[in-house]
Amino acid sequence: MFCSAIRNILRNSQNAAKNAAITSQIRNLRGQQSAHHEVEMLTSTGITHKQNDKKTEPAESEGSQEVALDFRNREAHVPSFNLAAYVNNSSTLQQFISLGVDLHSIERRKGLGDFVLKLDFEKNVKPYITFLVDQGVSPDDFGRMFTKNPLLFKEDLDDLQTRVEYLKSKRFSDEARQRILTQNPYWLMFSTRRVDRRLGYFQKEFKLSGHDLRLLATREPNAITYNMEHLRKSVFTLKEEMGFNAKDLSALVVRKPRLLMIPPDDLVERFSYIHQDMGLPHAQIVQCPELLASREFRLRERHEFLKLLGRAQYDPQKDLYISPKTIVEGNNFYFVRNVAKSDLETFDLFLKTR
């Protein structure tokens, strides 16, 4: 049985602390990938079972009652879609688990499971950890970074050092470089020439100073390496469909660069509600870009509740002014108590009857 095989694996493990982490990882992988390891009960002679699209095989013997998978006898070179099968015999996978790497997330992407399985921790992984530590990256970030981009271990270390030196030459601070590397592990996959072109695009398109460009890249490192076609569509939407002028657009993307990564249709929908229903002009939206980054249904719920209470007043020149920014801050409890000056019971009743 599957559970019996897993218990045998754990019993043979040497390190009790690692066993706990391995057990947790295996349980997760087993739950997500159970279709690849189905165990069928044989109730009569001649019944066969299939495993992972392999050729069907007869039952073990005439009196056999069940067939179980034995991971201990599986060879490392046999294709598998479940890294849990190799955890007990792979020190590299065990080290990854101790670092917080999500093996299930890796194996879902074509070819990455096989790539990770072939890595030698001392030769292929440890030098990269040393490199990242030298850049000020916290060990607490390794798990998320390696889960998101295990292909980092394919890059030449000299190339990685060159890319870091490029950021230094562009006057990115130590803290900025650390944030870029941890928030966007794919950044190091881009050559210095490619990154330079991307930064040049943002600086030219939005007429940014060096300071503002570094601020944008540090606040949202993913925007710099994002799909260029999507970025161009977002810029067109902000300019032509929403009507932001060049100055407003520059301020908008520096304050909230994540807007460039939101689907253009969603941006248009949110802008339409904010500008027409809530009555906010372009200048006020630029001051509160968080509004465009919030889901339309959330804006609608909170604005309509304030309107019901007679508190939907966003003009700073009038009494009872409410900053539009506060509408999208915090959870419902914070909004109801601090912005709407009401209670959750009233808000919940409003949501049920609207």
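**Salt bridges.** I counted 10 salt bridges, taking one as a side-chain nitrogen of Lys or Arg within 4 Å of a carboxyl oxygen of Asp or Glu. The model is a predicted one, in which local features need pLDDT of at least 70, side-chain atom pairs count only at pLDDT 80 or more, and totals for chains, interfaces and linings use all residues. Residues are numbered from 1 along each chain as its sequence is written, and side-chain values use heavy atoms, with hydrogens and water left out.

I looked up Lys239 and found a salt bridge to Glu205, with the closest N and O atoms 2.9 Å apart. This pair links distant parts of the chain, as Lys239 is in helix α13 and Glu205 in helix α10, 34 residues apart. Helices here are DSSP runs of H or I, at least four residues, numbered from the N terminus. Lys239 is partly exposed at 32% relative accessibility, and so is Glu205 at 24%. For these labels, buried means under 20% relative accessible area, exposed over 50%, and partly exposed in between (1.4 Å probe, protein chains only). I also noted one network, in which salt bridges that share partners join Glu296, Arg300 and Glu304.

Within helix α6 (residues 121-134), Lys126 and Glu122 lie four residues apart, about one turn of the helix. Their side chains form a salt bridge at 3.7 Å, N to O.

**Nonpolar core.** I defined a nonpolar core as a set of buried Ala, Val, Leu, Ile, Met, Phe, Trp, Tyr and Cys residues joined through side-chain atoms within 4.5 Å. The largest has 57 residues, and Phe202, Phe244 and Leu292 touch the most other members. Helix α10 (residues 192-206) contributes the most to this core, with five residues. Apart from this core I found another, of 31 residues, including Tyr86 and Leu152.

I then listed the contacts of Phe244 (heavy atoms within 4.5 Å). Leaving out residues up to four places away in sequence, Phe244 touches Lys239, Phe271 and His282, among others.

**Helix α15.** I checked the length of α15 (residues 264-277): at 1.5 Å a residue, its 14 residues should span 20 Å, and the end C-alpha atoms are 19 Å apart, which agrees. The expected span is 1.5 Å times one less than the number of residues. Phe271 is one of the buried residues of α15, as are Leu267 and Tyr273. What covers the buried residues includes α13, α16 and α17. After α15 comes Gly279, with a positive phi near 75°.

**Asn82.** I located Asn82 in the loop between α2 and α3. At 3% relative accessibility, Asn82 counts as buried.

How values were computed. Helices (H or I, at least four residues) and strands (E, at least two) are DSSP runs, numbered from the N terminus.
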